[in-house]
Amino acid sequence: MPKILLVEDDLGLQQLTKDYLEHNDLEVDVLDRGDEVFTYLESNPVDLIILDVMLPGKDGFSVCRQVRDKYTTPILMLTAKGEDFDQVIGLELGADDYVIKPAEPRVLLARISALLRRGQPNLKATEELQFGDLFIDKTSRIVKLSGAEIVLTSHEFELLWLLASNAGEVLSREHVHQHMIGRQYDGLDRTVDVRVSRIRKKLGDNSDKPYRIKTVWGQGYLFVSDAWDM
C-alpha cells in the first residue's frame, strides 16, 4: 500500500482528504506544520508528499526546496491561488505537479496515481542510453555525467528519457505535454518548460543558449546526441 504524507494545516480539509485517500487504498500520515516535514522524513520514508503552500512554521515553497535537496520523493503541491506565478515557483523548486484548491477528490486521486506510477522503476529489462559522457539507465533510474551521478526527480527523469530516446528528433510541445502531464496542451501551461529548464541546469547546459537540449522555435524540443562530451 503506497504511503502518503499529507501536509495541510486546515484540519477539517486534512481529515476529509485523509479519509478519502485511505478509502482508496492509500496509507496517509498527516502533519499541519511545514517545519516538521524534514524531521519526519528522516525516519519515515514515504512514496509521495502532498504539500500545501500556506503552512505555519515554514511555507510550502521552503519545505519543497529543503526536501528536494535530499530526496527524490514525488511532491504534489496544493495552492489556493490560480496564478501562474505560484505554480511556476513550485515547479522550479522541484515539485512534480500541483493542484489548485479546493481540489475535486477524484482529480486529486488521479494526479496522485499518475505520480506514483511514474515513480516506479521499470523492472522488465535494462534500458541504457549513452551519449558521450552522459549515461542514462532506465531500470535503475540513474543518470551520470562524466561519472558523477545527477539527481533528478521522477518527472525530470521521465522527461529526460523521453527526449534522449528520441535524440535528433524534434518533439512537439503538444507531444511532450501529453506524454508527461496526461492532458492536452492548452498553449499556456509552463510545466514542461520549467522541467526542461531544471534538467538543463543539472546537466550543465547553457540556460541562455542551450546547445544540448534545444528549444526549436515554433516546433518543440531537440535532444542533441553529439553535445555531451565534456
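Predicted model: local features only at pLDDT ≥ 70, side-chain atom pairs only at ≥ 80, totals over all residues.
Begin by colouring the chain by pLDDT. The mean value is 87, and 93% of the residues reach 70 or more. Then select residues 121-126, where pLDDT stays under 50. For this segment the model has 8 contacts beyond four places in sequence.

Next, select helix α6, residues 154-164. Of its 11 residues, 11 are buried; among them are Phe157, Glu158, Leu160 and Trp161. Glu158 counts as buried, at 16% relative accessibility.

Move to Asp29 and Lys3, whose side chains meet in a salt bridge at 3.4 Å, N to O. Asp29 sits in strand β2 (residues 27-31) and Lys3 in strand β1 (residues 3-7), 26 residues apart. Asp29 is partly exposed, with a relative accessible area of 23%, whereas Lys3 is buried, at 16%.

Select Arg106 and Glu104 for another salt bridge, at 3.5 Å, N to O. Here Arg106 is exposed, at 62% relative accessibility, and Glu104 is partly exposed, at 36%.

Then display Glu8, Asp52 and Lys101 together; salt bridges link these residues in a network. The whole structure holds 12 salt bridges.

Finish with the aromatic rings. Select Phe131, Phe223 and Trp228, which ring pairs link into a cluster. The count of aromatic pairs comes to 4.

Conventions. Residues numbered from 1 in each chain as written. Heavy atoms only, no water. Buried < 20%, exposed > 50% of the residue type's maximum accessible area, 1.4 Å probe, protein only. Helix = DSSP H or I, 4+ residues; strand = E, 2+ residues; numbered from the N terminus. pLDDT = per-residue confidence, 0-100. Contact = heavy atoms within 4.5 Å. Phe/Tyr/Trp six-rings, centres within 6.5 Å; stacked < 30°, edge-to-face > 60°. Salt bridge = Lys/Arg side-chain N within 4 Å of Asp/Glu carboxyl O.
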